[in-house]
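I opened the notebook to write down what I looked up, one entry per topic. The structure comes before the entries.

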Amino acid sequence: MLELIISDPKYIKPIKTDLEKHGLFAKPIYRDPTLPNKSVIRTTIHDSVDDANFQIISQYSSNFEIRDYYLNDNSTDVSKSPIINFTENFLSTENYKNLLTRNGLSITKLIEQLPIRYTIYPPLLLFNNSHQKSFLFDDWQLLFKQKIENVTNNTTVQDEYFQELLRILFPQLTHVAINKPIIESDVMRRPFNIQPLYGELISKDLQLLDNDQLWDHPTSHDFENTLWCHTIQNGIHQYWAPIFTMFSRGNIKEKKRILDSYPEIEGNDVVDLYSGIGYFTLSYLQRKARNVFCFELNPWSVEGLKRGAIRNKFPWVSTRQLQALNTQTCYIYNMNNEASIEIIRELFPTNKRQELKLRHINLGLLPSSKQGWKLAIELFNWQQGCRTTTLHIHENVSTAALQDGTFVEGTIDQLRSIDTNHEYTPVHVEKIKTFAPDVWHVCFDVNVTK
Ligand SMILES: C[S@@+](CC[C@H](N)C(=O)[O-])C[C@H]1O[C@@H](n2cnc3c(N)ncnc32)[C@H](O)[C@@H]1O
C-alpha cells in the first residue's frame, strides 16, 4: 500500500481529511528518521495507477512523494519490502559474501539501489527503473555478470538471483524485465525500452532477423516465438507481447466507465480509431455493442486484439465484407485509420448508410488524438442510423486548461471548424490519470448531433 511523504506541513491536514472521508487513512502520521523534516501519511490505497482511490488525493500529487509499505501479519509496523528481505538473505550466504568482497561490492549499497516497485503482468515481473534505483547501475551489473562458484555450468549471478527471486516470491511467474518509459515521438507507442533480465521475451533466432521485418510484417512463427502477457481487468481478458506493444494499467477506470455508463452502446455500432490490443474495443463488445470497427497500425497489437477477442468469445473478422448485421462482430483492420472512411463506405455503400448505427467513436491516442477528429466527423456524416454520436476524445491536458475551461471550449471550437453543420455538446470530462505533474490524461465525451 502507499505512503505519502510530505515536506510542507500545510498539506498534512487537507490530505488527511480527504483520506479519512473515504476511509483511506491508516493511523498514525509519523516521522521517518531517514527523512528529516518530512511527515509520512499512511494510506490504504494500493497503487497510484491501478487503484482508482488515488484520484481522491491526486490534486495534491505535486506536494507529496509516494512509496510502498508492507504490513507484518501480526503488527502494524512498517516492514521491509519482500524484495529487500529476499535480496539481503540471498546475498548473505558465505559464497556471496566472499564474492561481494572480492569485487569490492557492499550489500548496503546494492540494497540502496535495489528497485522495489514492480508490476506483475503474468508471466512477467516488470521492475520499475529510476534514477535512484536500478538494476542497470554499475554495482548491480558487476554483480550480475559474475559466475557462480562450484557450479559447473555457466550460471551467472543474474540468472541465479532472478531464478531464486521468482521461486521464492513469485512462483507463478517465469520472466523478469525492466520497464523504461515509452518514447513520446513513437506514434505506435512501442516499448522500445523494455529490457529482459531473466528469460527470453523473444526467441533468439528471431532477434537475428531484420528488425523492420519483425516489427512491421510479423509471421505466425514470430507470434508463436514471443512472450505474450495476459491480464484480466473488469473480467475482460487482454493479451499483448510486452516487447512489441505497450500496456497501460491506468486505463482500468476508463474501461469500467465504458462498461457502466453507456446503456445505448448495446445493439449499436462503434468505431475505435486507435484500437491497439483492445483496451476499449473489448469493453464495448462486453457492453454488447453490435459491431465494433477497429483500426490499428501495429500488427503486434492487432494480434493481441485478436487473441483477446477469441479468449473473450467475441467473434471477429478482418474482411471488407459486411457480416450478418445483427450478430455481434468485431471488424479488425491492421491499417492506418485514414482508411476508415473507405472501409466503412465499402461495408455500408450509399444504399445501406441507414443501416450503420454509429453511436460511439473512440479516439484513444496520447498525447493527442487530433489526427482522428476529422475522420470521426466524416464517419459520423456517412452513417445515417444515429442522430447523435458520442466522441470519446483522449488528450493530455494541463490542469490550468481544465480549470479555466479553455480545453473544453477549444476542443468544441476545433470540432466546429471541421464541420459547422452539427451541434457539438460537451457531455463529460473524465480525468483518467495524471500523466506528468499538472498534466492529466482525460477523456472528453462530446455529443455530435445532426
Ligand atoms: C495509446 S495506444 C492505444 C492503446 C489501445 N487503446 C490499446 O488497447 O492498446 C494508441 C494506439 O494507436 C495506434 N495508432 C496510432 N496512430 C494510428 C493511426 N493513424 N491509425 C491506426 N492506429 C494508430 C498505435 O499503434 C497504438 O497502438
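Entry 1: K450.
I began with K450 and asked how exposed it is. K450 has 13 other C-beta atoms within 10 Å, so I wrote it down as partly exposed. A residue needs 20 or more such atoms to be buried and 12 or fewer to be exposed, so a count in between gives the middle class. I also noted that this is a predicted model. On the chain, K450 lies in the segment after β20, which covers 439-449. Which residues does K450 touch, leaving out those up to four places away in sequence? I found R387 and H422. I then checked the separation from M246, which is 204 residues apart from K450 along the chain. The C-alpha atoms of K450 and M246 are separated by 37 Å.

Entry 2: I66.
I repeated the look-up for I66, which sits in strand β4, residues 64-68. I counted I66 as partly exposed because 16 other C-beta atoms lie within 10 Å. From I66 to F247 there are 181 residues in sequence. In space, I read 22 Å between I66 and F247, C-alpha to C-alpha.

Entry 3: strand β3.
Is β3, residues 39-43, mostly covered or mostly open? I noted it as mostly covered, with 4 of its 5 residues buried. Next I looked up its pairing. Strand β1 (residues 2-6) is joined to β3 by 4 bridges, and the two run antiparallel. Within that pair, L4 has I41 of β3 as its bridge partner. Strand β2 (residues 25-30) also pairs with β3 in the antiparallel sense, over 3 bridges. There I found A26 opposite R42 of β3.

Entry 4: the sheet of 4 strands.
I wrote down the order of this open sheet as β7-β8-β9-β10, with mixed pairing. Which strands are at the edges? They are β7 (118-121) and β10 (195-198), each of which pairs on one side only. On average, neighbouring strands of this sheet are turned by 30° against each other, direction ignored.

Entry 5: α2 against α6.
I stayed with α6 and looked up helix α2, residues 82-91. The two helices pack at an angle of about 125°, and their axes are 11 Å apart. That angle makes α2 oblique to α6. I recorded the crossing of α2 past α6 as right-handed. Which residues meet here? From α2 I listed P82, F86 and F90, and from α6 Y161, E164, L165, I168 and L169. By class, the residues of this contact are 7 nonpolar, no polar and 1 charged.

Entry 6: the sheet of 8 strands.
I then turned to another open sheet, with 8 strands and mixed pairing. At the edges are β15 (316-317) and β19 (423-436), each pairing on one side only. Inside the order, β17 (residues 358-363) and β18 (residues 388-398) pair in the parallel sense over 4 bridges. I found N362 opposite H392 of β18. Helix α14 packs on this sheet, touching β13 (269-272), β17, β18 and β20. The direction of α14 makes about 170° with that of β17.

Entry 7: α13 against α14.
Last, I looked up helix α13 (residues 340-347) beside α14 (residues 373-382). Their axes come within 10 Å and cross at roughly 15°. Angles under 35 degrees count as roughly parallel, so I put α13 down as roughly parallel to α14. The crossing of α13 past α14 is right-handed. I listed S340, I341, I344 and R345 from α13, which meet L375, E378, L379 and W382 from α14. The classes in this contact are 5 nonpolar, 1 polar and 2 charged residues.

Methods:
Residues are numbered from 1 along each chain as its sequence is written. This is a predicted model: local features need pLDDT of at least 70, side-chain atom pairs count only at pLDDT 80 or more; totals for chains, interfaces and linings use all residues. Two strands pair if DSSP finds at least two bridges between them. Axes are lines fitted to C-alpha atoms, for helices over the stretch in contact, and angles run from 0 to 180 degrees between N-to-C directions. Two residues are in contact if their C-beta atoms, placed from the backbone, lie within 7 Å. Angles under 35 degrees count as roughly parallel, over 145 as roughly antiparallel, 65 to 115 as roughly perpendicular and the rest as oblique. A crossing is left-handed if the near helix is turned anticlockwise from the far one by less than a right angle, and right-handed if clockwise. Ala, Val, Leu, Ile, Met, Phe, Trp, Tyr, Cys and Pro count as nonpolar, Asp, Glu, Lys and Arg as charged, and the others, Gly among them, as polar.
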